[in-house]
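Hello,

Here is the structure I promised to pass on to you. Please have a look at it first, and then read my notes below.

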Number of protein chains: 2
Amino acid sequence: MNQDTDFLKQAIALAYVNVEQGGRPFGAVIVKDGKIIAQAVNEVVRSKDPTAHAELLAIRAASRYLDSPSLTGCTVFASGHPCPMCMGAMRMAGIEGVTYAYSNDDASPYGLSTAEVYADLAKPFDQQSMRIRHLPVRLGGEPELYAHWHGC
Amino acid sequence: MNQDTDFLKQAIALAYVNVEQGGRPFGAVIVKDGKIIAQAVNEVVRSKDPTAHAELLAIRAASRYLDSPSLTGCTVFASGHPCPMCMGAMRMAGIEGVTYAYSNDDASPYGLSTAEVYADLAKPFDQQSMRIRHLPVRLGGEPELYAHWHGC
């Protein structure tokens, strides 16, 4: 647990440094076998990339380090509660677990909470605030897409 | 609606080309003011980056094109039902809506559905299969992180 606290403190320290450099207050580290293999800060302001959250960039860095898209056996330590995109990214990468220090309740007074987006995303697709539409369009004369992939 | 079908067909065509080139069967385009401003395919196999989904790469390309992390007024056309990471990314970027052609039911026989991950992510955090833990660690002697950011 003490080591986990140290990893979390490192993520928070990164967030403080990022604020000093004009970035948003988020940092993350990824740990495998008791060692930090990747770390990142939120780079949305600098890069103008809306996906450049600390956790997502740390996942990308860890996959480069491991030369694999699979991050099984890895855990994430994030300064703040991960947003739905980053939580989804962890699941897609096979991350084992995530520990965070600052909650959405801590973040709410500063407009940094994603609790409302989480609540919206938990609704059925047709009741969410972003329009999600299924149009079963197909290209004519082709084998079915997924079967084609399966056969390749 | 006909134009929407064309955008969706373009996303599917990209997916077919990606399969031919050894990639996964996913493509996406992003439309603003009736024109495609970005497009991408799934590059996970080639790049070994678990976040290199078609929709996420298209979002990054659109933000470069617009020189902004905000994609308000943009809509996504994706060959397949977006995964939770990509759905979260759309929300973070302010995407207006998403239309997809192949459903999770279509994808399920080929192991490409993310319906189970969606169901898991809709549960309360402490009941999900990936361990999510809140440790309210703080660095001593610093101003509170979010207040510090707010004051910068």
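A term to begin with: a crossing of two helices is called left-handed if the near helix is turned anticlockwise from the far one by less than a right angle, and right-handed if clockwise. Helices (H or I, at least four residues) and strands (E, at least two) are DSSP runs, numbered from the N terminus. Please keep in mind that this is a predicted model, in which local features need pLDDT of at least 70, side-chain atom pairs count only at pLDDT 80 or more, and totals for chains, interfaces and linings use all residues. Residues are numbered from 1 along each chain as its sequence is written, while chains are lettered from A and ligands numbered from 1 in the order in which they are written.

With that in hand, the crossing of H3(B) and H4(B) is left-handed. The axes of these two helices come within 8 Å and cross at roughly 20° (axes are lines fitted to C-alpha atoms, for helices over the stretch in contact, and angles run from 0 to 180 degrees between N-to-C directions). That makes H3(B) roughly parallel to H4(B); angles under 35 degrees count as roughly parallel, over 145 as roughly antiparallel, 65 to 115 as roughly perpendicular and the rest as oblique.

Which residues make this contact? From H3(B) come Glu55(B), Leu56(B) and Ile59(B), and from H4(B) come Met85(B), Cys86(B), Ala89(B), Met90(B) and Ala93(B). Two residues are in contact if their C-beta atoms, placed from the backbone, lie within 7 Å. Seven of the residues in the contact of H3(B) with H4(B) are nonpolar, none is polar and one is charged. For these classes, Ala, Val, Leu, Ile, Met, Phe, Trp, Tyr, Cys and Pro count as nonpolar, Asp, Glu, Lys and Arg as charged, and the others, Gly among them, as polar.

In chain A, H3(A) passes H4(A) in a left-handed crossing, and its contact includes Leu56(A) of H3(A) and Met90(A) of H4(A).

Next, the sheet. Five strands form an open sheet in the order E2(A)-E1(A)-E3(A)-E4(A)-E5(B), with mixed pairing; two strands pair if DSSP finds at least two bridges between them. E2 (35-41) of chain A and E5 of chain B stand at the edges, each with a single partner strand, so one side of each has no neighbour in the sheet. On average, neighbouring strands are turned by 20° against each other, direction ignored. E1 (residues 27-32) of chain A and E2(A) run antiparallel and are joined by six bridges, with Ile30(A) opposite Ala38(A). H1 (residues 2-20) of chain A packs on the sheet, touching E1, E2, E3 (74-80) and E4 (97-102) of chain A.

How do the chains meet? Chain A and chain B each bring 67 residues to the contact. On the side of chain B that touches chain A, 42 residues are nonpolar, 12 polar and 13 charged. Strand E5 (residues 131-134) of chain A runs parallel to E4(B), and four bridges join them; here Arg133(A) stands opposite Thr99(B).

The same surface serves both copies, as 100% of the contact residues of chain B recur in chain A.

Best wishes
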